[in-house]
Structures are given as C-alpha cells and as structure tokens.
Amino acid sequence: IKTMAHFRVRYATNNGRFQPCTITNDIVLSDTHPTAFPQNRGRSHNMLQHDRLPVDEDAFFVDIWTPNTDGIKPVLFWIHGGSFSVGASGDKHNDASLLSKNADIVVVSVTYRLGYLGTAFFEGIPQQNCGFHDIITALEWTNHHIEHFNGNPRNITIGGQSSGAWYAMALHTSPAVQHLFQRTMLFSWPGTMQAVPQETASDIHNHFCKVLAQQTSATITNADIHDILITELRIGKYNKKQYNFLVSFIPSEEPNFIAKDFFTAIQKIEKPIYLQCTKNECGIYVYKFPIGKYTPLRVITPFLKRYCPENTYEKLKASRKQTHDSYQTVVDVTSDILFFEPARKIVEICGKKAIFNAFTYPAANKKTQCCHCFDLPFLFGNIDNWETSKIFQGCDFSAIRQESIVLQKKIANFVNEIY
C-alpha cells in the first residue's frame with residue numbers, strides 16, 4: 001500500500017516545570033489538535049504569519065510524516081527555529097508532507113520547551129537546558145520507535161533551521177548523543193552565537209525572579225504562566241542590554257552536552273555535515289531600521305558594532321564600494337558576519353566531511369530579499385502555507401514549486417549519502 005501518512009505522537013510525559021520529561025515506552029497517537037509550549041509572539045511574526053496554536057506546558061509531541069509503506073526509509077529529525085522562544089512542530093510552516101513524499105524519507109519534527117522555561121539555569125534546578133533535553137528525549141524516542149513508521153533507526157539525519165540549527169550543532173558536537181544519529185543538516189545556523197556561561201544564566205534567573213514579583217527559585221515553579229511570559233518580554237530587553245544577546249534567551253554551557261566552543265568541539269567529530277545560508281540572511285531584520293540607500297556609513301557603524309564588533313567601518317566601506325547602497329551594505333555585511341563566515345569556518349575545519357550550499361533564489365520583496373526563513377517553503381515544499389507571508393509578496397509560486405524539488409533532491413542525496 002503506497003500512501004502518505006501524518007501522525008502526531010507523544011514522545012514524553014510531563015513531570016512538571018523545569019523537570020526532566022520521561023520518554024514514553026509505547027506509541028501513543030494523539031487525536032487532539034496541535035499545541036505549542038507557552039510563548040510570546042516572535043519578532044518576525046508580522047512578516048512570516050506563523051500559526052497561533054493553543055499553548056500548553058504538556059506539549060511533548062512529535063509530528064511524523066511517512067511517504068509510504070514501501071520499504072524502510074531514511075529519517076530526517078527536524079528541530080524548528082524561532083530564536084529559542086517561539087514555534088512548534090504543528091505550525092503549518094513546518095508541514096513536511098511534500099518533503100517526505102518527494103525525498104522519500106520519514107520526517108520527524110519535535111516540539112520542545114521554549115524561552116525561559118527551556119533555557120533557565122539556577123542552583124538546584126532539576127534540569128538545565130530543558131528545551132535541549134526535550135529534543136534529546138524525542139531523538140531517543142525516534143531511535144526506539146521509528147521503525148513502526150517505516151523509518152530506519154540506523155540512518156537518522158538531525159536537522160534544523162536558525163535556533164533549531166543551533167540545537168542541531170549542539171547535538172552534532174555533543175559526546176553524549178553521538179550514538180543517536182549519523183549526520184547533520186544546518187539551515188541558517190547562527191554561528192556567532194555561543195552558549196552562555198552558567199554564571200551568566202544564573203544572573204539572568206535572579207533578575208527574572210526579581211522582576212516576577214519577587215519570586216524565588218522555590219516558588220517560580222508555581223508562578224502563573226502568563227506572568228512568566230510577560231516577564232520574558234522584560235527580561236529579554238535586560239539580556240540584550242546587559243549581555244549583548246542577539247535573542248532574548250540562549251542555552252547555557254553544559255559539560256558533555258553543550259560545548260563552550262562549537263568550532264573546537266567539532267574538530268573531534270567525524271560525521272558529515274551540510275550547511276546552508278540564504279543569500280540575504282539579515283534582510284528580515286535590517287528592513288525594520290531607518291537605513292536608506294544614502295545613509296552615511298559613520299551613522300550606521302555604532303549600530304552595527306553590537307553585531308560586528310571588529311573592523312566594522314572597514315567592512316562597511318569595502319562593501320559600500322561594491323553596492324553603492326548603504327542599506328544593501330548593511331544586509332550584506334551582517335549576513336556575512338553572522339551566518340556565512342561561521343559556516344565557511346566549519347567547512348574549513350571539517351574539509352570533505354562538510355557540504356555548503358548558498359541559497360540564492362531571487363525574491364520579489366526588495367527590502368527583505370532572499371532572507372532568513374526564505375528557504376523554508378522550498379525545503380518543505382509547503383508553498384501554499386506561506387502565501388500570506390510578506391517576504392514572499394510578488395513571488396511566482398509556480399516557479400518556487402519547481403525550485404523546491406531541486407532543494408529536496410539535495411536533501412534526499414545527503415540523507416542517503418549520495419554526495
């Protein structure tokens with residue numbers, strides 16, 4: 001019987017806030033509607049038009065797409081992005097039915113704890129980096145049970161986009177989980193972002209408790225979730241000002257699980273890795289700022305030093321000579337420093353073990369361009385689910401569907417080791 005099937009399955013039981021979840025030993029299919037872990041709206045929501053799913057602190061589910069029952073298939077274990085603070089596998093933008101069908105692979109997409117609930121660290125916390133360990137639990141569940149969905153547990157590729165790619169890199173370089181997968185795919189990996197020291201994470205927690213009506217580590221487990229989400233918005237501003245975070249929350253260093261330095265840790269890893277960046281990654285962020293074609297570079301430089309602290313003016317000047325456009329210069333320089341340079345460094349370190357792909361499909365929106373997230377509908381093939389997203393305004397969707405098949409072929413080749 002050749003048929004496409006989509007399953008929503010519980011991978012773990014909920015043991016409470018900040019507690020390790022417990023892997024399920026059985027296959028428990030869900031007939032409920034998709035849910036997400038508690039979250040605020042993401043900073044790019046207005047541009048991307050993601051779903052607003054019901055939230056629940058018991059959203060330990062994976063979505064599984066199986067192309068057919070004709071033999072055993074390679075598996076892509078997918079980790080959604082969203083700045084560590086938003087998203088869910090049940091979001092329509094993560095629908096992997098066409099990817100599964102066209103690449104002839106089983107796709108598993110995981111929902112995991114987000115924001116403060118997913119990254120908190122303090123003395124006596126039951127589990128550090130809860131969101132990351134949720135992902136590990138789901139990956140373990142996949143190893144145990146994916147054969148029931150025609151997936152091959154001995155051929156699992158982990159992959160993710162943006163903060164999901166960051167988590168995938170943490171898995172790729174973690175000594176504790178090497179037995180759970182065979183290769184890795186990173187889409188728009190934010191490579192300048194390193195895990196924060198535990199001392200920093202502890203300070204963030206203390207400030208969080210102070211802002212949240214003088215809560216303590218002992219009482220915050222019972223705080224109202226709406227109060228926590230409001231506090232997340234306030235503490236995010238504190239983190240960016242105090243620690244120069246590019247996002248509100250970042251996981252903390254954890255021995256044997258999350259390395260201090262990915263570039264050093266990856267030198268010990270022999271597994272293949274695929275990296276992809278979009279041509280204008282930072283277009284989705286830069287378009288918000290009052291930067292025009294003729295804005296003087298010295299006006300822009302202080303703003304960019306937060307993201308590009310070294311030789312900022314020189315880099316802007318060199319790029320400006322090529323584009324003759326200050327806005328385009330900022331997009332190009334930030335995209336290169338925050339995304340392309342780290343990816344190239346990984347390729348240099350890994351040599352033949354690494355594959356790099358620059359995604360350059362032309363966008364109709366001249367402000368956001370071929371930006372962060374622009375390659376996702378090409379990856380998944382779910383073009384119709386992106387038609388309301390502003391980054392695709394004016395695009396030829398029939399042409400995108402054809403280009404999507406090209407990218408899905410690259411993915412199929414990588415997970416099948418044809419490269």
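In which hand does helix 10 pass helix 12? The crossing is right-handed, a term for the near helix being turned clockwise from the far one by less than a right angle, with anticlockwise giving left-handed. Helices here are DSSP runs of H or I with at least four residues, and strands are runs of E with at least two, numbered from the N terminus.

Before going on, the model is predicted, so local features need pLDDT of at least 70 and side-chain atom pairs count only at pLDDT 80 or more, while totals for chains, interfaces and linings use all residues. Residues are numbered from 1 along each chain as its sequence is written, and side-chain values use heavy atoms, with hydrogens and water left out.

On helix 10, the contact (heavy atoms within 4.5 Å) is made by Leu 297, Ile 300 and Leu 304, and on helix 12 by Ser 326, Val 330 and Thr 334.

Next, salt bridges, where a side-chain nitrogen of Lys or Arg lies within 4 Å of a carboxyl oxygen of Asp or Glu. The whole structure has nine. One joins Arg 17 and Glu 57, at 2.6 Å from N to O. These two residues are 40 apart in the chain, and each sits in a loop. Arg 17 is buried at 14% relative accessible area, and Glu 57 is partly exposed at 23%; buried means under 20%, exposed over 50%, and partly exposed in between, with a 1.4 Å probe and protein chains only.

Last, Gln 127 lies in the loop between helix 3 and helix 4. Why does Gln 127 count as buried? Because its relative accessibility is 14%.
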